[in-house]
Amino acid sequence: MFDLYLEKLSVDEDHVDTRLRCHRTLATPLLPRPLFTENRTVLEEHTFTVYLRDVPEDVDLVAVHLNGQEFPVPFTNDGRLAITKVVHPNNTHGYTLKVPFDDPLVARQFSKDDAMMQHKLDINYTLTVLPEKEPFYHLETVMVLVDVSPPDFDAVCSESGISFRLDYRPYDYLWVITIGSDPLTSELAAQHGYIMSNNSQSLLLEVPLFTQGYEYKDITLKGFFGTFEILVRDHETSAVQSSTVKTCPFTNSEFIMCSTDGKMTVVADLSLAIPSGGVPARTNLIDKYCGPKETDDTRALFSFPLNSCGSTVKLDKEYVTYENEIFFSKKLRALKNPADSLEKVTMQCTYPLAGLHRLFSVYRFESDTEGVGRIVHSTHATGGLQSPTIQPTTVSTIRRTRRPVSIRPGYRPPVHHIKVSSFLQNMSKRGSGGSSQAKVVPQF
C-alpha cells in the first residue's frame with residue numbers, strides 16, 4: 001500500500017498554465033518478503049541464540065511460542081528469556097532470541113547413539129503487517145547435542161565425619177547414586193546412620209565417622225585416615241560411571257574397628273585399668289603373648305585376627321560375637337597395691353551369621369558387612385570382678401576389601417572348628433533362645 005500523487009501541467013496559446021493534481025492511495029496484493037533465521041548458538045554459553053532477520057519496517061513481532069508456550073513481545077518474565085530488536089539502515093530490522101539450555105521450556109532427550117544430551121527448541125514467531133495488523137507466522141526449530149558427565153559431589157571433612165553435597169542438574173536422572181552396590185535412599189541412610197537431606201535442588205549427605213562404608217588406613221595412636229566413596233552408576237546397566245572419594249584425617253581417643261576380613265583393631269584408654277605406676281606397654285590380651293602394637297602414657301593399640309589371642313566366641317541364632325580382654329601383667333600387679341580398684345576392659349566384635357561365608361576358618365574369614373564393635377569398661381577390685389559401672393560404648397566399624405590371608409607352609413594357626421549348621425540345628429531342637437560360648441584354645 002502506498003500514496004500516489006499525480007500532477008498534469010498544460011499551457012495554452014496565451015501561455016496560461018493549467019495544473020491538474022491527483023492524490024490517491026493505492027493498494028497492491030502482499031508481496032513475498034521471506035524471513036530468515038540464523039542459529040548463532042555457542043555451546044560454551046549454554047544458551048540458544050537465534051536471530052530472525054530481514055523483517056520489513058511495516059512488520060512487527062507481537063508474540064513468540066516456545067515449545068507450545070506463548071510469550072507476548074516484549075517479554076515480561078523474570079529475565080531468564082530475552083528478545084532484542086535490531087534495526088538496520090536498509091529499512092529492515094531483526095530480533096535476537098536467547099533461551100538457556102537448562103530452562104524448563106527446553107525439551108531434553110538422551111541420545112544413546114551419540115551418548116549425548118539433545119536439547120531442542122521449537123520456535124513459532126507471530127508477526128503482523130501494518131496497518132491492518134494481519135498476522136502471519138514463521139517457524140523454526142533449533143537443536144544442539146551437549147556432552148553430559150555424571151554428577152560430581154563436593155566433599156568436606158569435619159571432626160565427626162565427611163559431608164557430601166550435590167547440586168542437581170536437569171539430566172541427573174540418567175544415573176543412580178549408590179553406596180557400594182546399594183542405591184542411596186532415605187531408608188538406606190537411616191539404616192546405616194547417615195544424615196541425608198534431599199530436595200529438588202540439591203542432595204546433602206553427612207556420613208558420621210565409624211558408620212558403614214568407611215575404609216581406614218594408617219591407624220596409630222595419633223590418629224588415622226578414613227575414606228568414604230560414593231559411586232555413580234548407569235541407570236540401566238548399573239555400570240559404575242564415576243565416583244567421589246574423600247579421605248580425611250581423624251583423631252579419636254578410643255575406638256574399635258571390626259573388619260570384613262576378620263581383624264579387630266582397638267585403641268583403648270587404660271588409665272583406669274592399670275595400677276598406679278603401671279604403663280600400657282605392660283598389658284596383653286587373654287593370650288599373654290599378644291601385646292599392644294603401640295602405646296603412650298594412657299592408651300594402647302591392639303590389632304589381631306578375631307580367631308587368635310585367646311578370643312572367645314559366642315553364638316546365638318542370628319549373631320556371632322568374638323570377645324577378648326586387656327590385662328595388666330599379673331606379676332607386676334602383685335607388686336603394686338593389691339587393693340586397687342581397676343577397670344576391666346573387654347572388646348567385642350559382633351557379626352550377623354547370615355552375612356558370614358566361613359566361620360572359624362583357618363585360612364579365611366569373610367563377611368558381607370563390618371562387625372559392630374564395643375569397648376566395655378567395668379570396674380572391679382583386684383581380688384574379684386564386680387558389676388559394670390560404666391555403660392558400654394558402641395561404635396560401627398570398618399569395611400575392607402576381602403582378601404585371602406596368606407599362610408606360610410607348615411603353619412597351622414590355633415583354631416577350634418565348629419560346624420555352624422549342626423550347632424544351630426541342635427539349638428533349635430532344644431528350643432534354646434540363649435547363646436553358647438566357645439573359647440578358641442591353641443592347638444600344639
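Tutor: Start with one bonded pair. Cys 258 is buried, and Cys 349 is buried as well. A disulfide joins these two residues, Cys 258 and Cys 349, with 1.9 Å from S to S. The model is predicted. The torsion about the S-S bond of Cys 258 and Cys 349 is about -80 degrees, so this disulfide is left-handed. It ties together distant parts of the chain. Cys 258 sits in strand E21 (residues 255-258), while Cys 349 belongs to strand E28 (residues 341-352). The two are 91 residues apart.

Now the wider count. Searching the whole structure gives three disulfides.

Take Cys 157 and Cys 248 next. Their sulfur atoms are 1.8 Å apart, and they form a disulfide. Distant parts of the chain are linked here too: Cys 157 lies in strand E12 (residues 154-157) and Cys 248 in strand E20 (residues 240-250). The separation is 91 residues. About the S-S bond of Cys 157 and Cys 248 the torsion is about -80 degrees, so the link is left-handed.

Cys 157 has 34% relative accessibility, so it counts as partly exposed. The cut-off for buried is under 20% relative accessible area. Cys 248 has a relative accessible area of 0%, so it is buried.

The remaining pair to describe is Cys 290 with Cys 309. They form a disulfide with sulfur atoms 2.1 Å apart. With -90 degrees about the S-S bond, the link of Cys 290 and Cys 309 is left-handed. Both ends are in loops. Cys 290 is in the loop between strand E23 (283-284) and strand E24 (294-295). Cys 309 is in the loop between strand E25 (299-305) and strand E26 (312-315). They are 19 residues apart, and the pair links distant parts of the chain.

Burial is simple for this pair. Cys 290 has 15% relative accessibility, so it counts as buried. Cys 309 has 11% relative accessibility, so it counts as buried too.

Now put the links in order. With bonded cysteines counted along the chain, the disulfides follow the pattern 1-2, 3-6, 4-5.

One further cysteine deserves a note on accessibility. Cys 22 has 26% relative accessibility, so it counts as partly exposed.

Methods
Residues numbered from 1 in each chain as written. Predicted model: local features only at pLDDT ≥ 70, side-chain atom pairs only at ≥ 80, totals over all residues. Heavy atoms only, no water. Disulfide = S-S within 2.5 Å. Helix = DSSP H or I, 4+ residues; strand = E, 2+ residues; numbered from the N terminus. Buried < 20%, exposed > 50% of the residue type's maximum accessible area, 1.4 Å probe, protein only.
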